[in-house]
Amino acid sequence: FSMSVTYLPLEAWNRRWTRNGSRVRCRRCGKGQDLTEASAFYHALGCKDWGRQAQYPGRELATVLQEKIRLGLF
């Protein structure tokens, strides 16, 4: 019996983004880019997240996962 613990930073990331292989997509507009892309994410015009401060979903995910590992939650 294994009990899964919800890791809130990862849950928050998953509310905004979806990942398929090395691609990440905005859940609102569906626009995507490669996780290794160094430039900021650009949402589709009309997306509620369009015009927000620069977002880097690949970097954000890496940071969240590194912290989860550091805390021994993996």
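Visitor: How many salt bridges does the count come to?
Guide: This is a predicted model, in which local features need pLDDT of at least 70, side-chain atom pairs count only at pLDDT 80 or more, and totals for chains, interfaces and linings use all residues. Residues are numbered from 1 along each chain as its sequence is written, and side-chain values use heavy atoms, with hydrogens and water left out. A salt bridge is a side-chain nitrogen of Lys or Arg within 4 Å of a carboxyl oxygen of Asp or Glu. By this rule the count is 4 salt bridges.

Visitor: Which residue meets Glu60 in a salt bridge?
Guide: Side chains of opposite charge can pair when their charged atoms come close. Glu60 is in helix 2 (residues 57–70), and its partner, 44 residues away, is in helix 1 (residues 8–16); helices (H or I, at least four residues) and strands (E, at least two) are DSSP runs, numbered from the N terminus. At an N to O distance of 3.3 Å, the partner of Glu60 is Arg16.

Visitor: Is Glu60 buried, partly exposed or exposed?
Guide: Buried means under 20% relative accessible area, exposed over 50%, and partly exposed in between (1.4 Å probe, protein chains only). Glu60 has a relative accessible area of 25%, so this residue counts as partly exposed.

Visitor: At what angle do helix 1 and helix 2 pack?
Guide: Two packed helices are described by the angle between their axes and the distance between the axes. Axes are lines fitted to C-alpha atoms, for helices over the stretch in contact, and angles run from 0 to 180 degrees between N-to-C directions. Angles over 145 degrees count as roughly antiparallel, and helix 1 and helix 2 are therefore roughly antiparallel to each other. Their axes are 9 Å apart, and the angle is about 160°.

Visitor: Which residues of helix 2 make the contact with helix 1?
Guide: Contact means heavy atoms within 4.5 Å. Helix 1 contributes Pro9, Leu10, Trp13 and Arg16. The residues from helix 2 are Pro57, Glu60, Leu61, Val64, Leu65 and Lys68.

Visitor: What is the relative accessible area of Asp49?
Guide: Asp49 meets Arg28 in a salt bridge at 3.3 Å, N to O. Asp49 lies in the loop between strand 3 (32–34) and helix 2, and Arg28 in the loop between strand 2 (23–26) and strand 3, so the pair ties together parts 21 residues apart in sequence. Arg28 is exposed, at 54%. Asp49 is buried, and its relative accessible area is 5%.

Visitor: Which residues is Asp49 in contact with, leaving aside its neighbours within four places in sequence?
Guide: The salt-bridge partner of Asp49, Arg28, is one of these contacts.

Visitor: How many disulfides does the count come to?
Guide: A disulfide is a pair of cysteine sulfur atoms within 2.5 Å. For Cys26 the nearest cysteine sulfur, that of Cys29, is 3.7 Å away. For Cys47 the nearest is also that of Cys29, at 3.8 Å. The count is 0 disulfides.

How values were computed
Angles under 35 degrees count as roughly parallel, over 145 as roughly antiparallel, 65 to 115 as roughly perpendicular and the rest as oblique.
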